[in-house]
Amino acid sequence: RSFLLDEQDDGTRLRATIVKCVEDMEAATNENPTRVKFVCAVGPDKAEEIFTYNQVLDYLSRDEGEVVWKFTKISSHQGPLTSDHPDYKGSSYNVMVEWENGEVTSEPLSVIAVDAPVTC
């Protein structure tokens, strides 16, 4: 699972991805989830940072208002396609998108390019 962090001074927002859960001995014996911490990979360089249970819940609750599908990579492309081609989806090219949930779909390049212009 991943979530967006607060905006930085330069206006950028980094994404943090939960890598693993860290429980201390007291948390395990007390069964207190607020004592759990998470190691997260942050930003494009995947620097590891530790977040508390409550911090992660706060960031995740901010993301819940708007459903945003996140992809991990574009693995291949198809095209150029003409409008009479059976795989034509309104764009001359289709791209194979690998989504954060593990699903892989073929999407029109024109749609992905609007949502992720830097990637495309």
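Val 97 is found in strand S6 of this predicted model, and this residue counts as buried because its relative accessibility is 0%, where buried means under 20%. Leaving aside residues up to four places away in sequence, Val 97 touches Phe 71, Lys 73, Glu 103, Val 104, Thr 105, Glu 107 and Ile 112. Val 97 also lies 6.2 Å from Ser 75, C-alpha to C-alpha, although the two are 22 residues apart in sequence.

**Overall make-up**

- The protein contains three helices and seven strands, and, read from the N terminus on, its elements follow the order β-β-α-β-β-α-β-β-β-α.
- Of the 120 residues in the protein, 23% are buried.
- When contacts in the protein are taken between residues at least 6 apart in sequence, 28% of them join residues that are at least 24 apart.

**The four-stranded sheet**

- Strands of a sheet pair through backbone hydrogen bonds, in either a parallel or an antiparallel manner.
- An open sheet is formed here by four strands in the order S1-S2-S3-S4, and the pairing is antiparallel.
- Strand S1, residues 2-4, and strand S4, residues 47-52, are the edge strands of this sheet, since each of them pairs on one side only.
- From one strand to the next, the twist of the sheet averages 40°.
- Within the sheet, S2 pairs with strand S3, which covers residues 37-42, in the antiparallel sense over six bridges, and Ile 18 stands opposite Cys 40 in S3.

- Strand S6, residues 94-99, and strand S7, residues 104-108, run antiparallel and are joined by five bridges.
- Met 96 has Ser 106 of S7 standing opposite.
- Four residues lie between the two strands of this hairpin, and in the hairpin Gly 102 takes a positive phi near 100°.

**The largest pocket**

- The largest pocket holds about 680 Å³ of space, and its lining is made up of 24 residues, of which Arg 15, Trp 69, Lys 70, Phe 71 and Thr 72 lie nearest the centre of the pocket.
- At least two residues of this lining come from each of strand S2 (15-22), strand S5 (71-78) and helix H3 (109-115), with S5 giving the largest share, which is four residues.
- Sorted by class, the residues lining the largest pocket are eleven nonpolar, five polar and eight charged.
- Phe 71, one of the residues nearest the centre of the pocket, is also among the residues that Val 97 touches.

**Two backbone details in loops**

- Gly 79 and Pro 80 are joined by a cis peptide bond, for which omega is about 10°, and Pro 80 has its place in the loop between S5 and S6.
- Lys 46, placed in the loop between S3 and S4, has a phi near 60°, which is a positive value in a residue other than glycine.
- Lys 46 counts as exposed because its relative accessible area is 52%, where exposed means over 50%, whereas Val 97, at 0% relative accessibility, is buried.

Methods:
Residues are numbered from 1 along each chain as its sequence is written. This is a predicted model: local features need pLDDT of at least 70, side-chain atom pairs count only at pLDDT 80 or more; totals for chains, interfaces and linings use all residues. Side-chain values use heavy atoms; hydrogens and water are left out. On a 1 Å grid over the protein atoms alone, a cavity is a set of points where a 1.4 Å probe fits but cannot get out, and a pocket is an open set with protein on both sides within 12 Å along at least five of seven lines; lining residues have an atom within 4 Å of a point. Grid points are joined across faces, edges and corners, and a volume is the space filled by probe spheres set on the points. Ala, Val, Leu, Ile, Met, Phe, Trp, Tyr, Cys and Pro count as nonpolar, Asp, Glu, Lys and Arg as charged, and the others, Gly among them, as polar. Two strands pair if DSSP finds at least two bridges between them. Axes are lines fitted to C-alpha atoms, for helices over the stretch in contact, and angles run from 0 to 180 degrees between N-to-C directions. Buried means under 20% relative accessible area, exposed over 50%, partly exposed in between (1.4 Å probe, protein chains only). Contact means heavy atoms within 4.5 Å.
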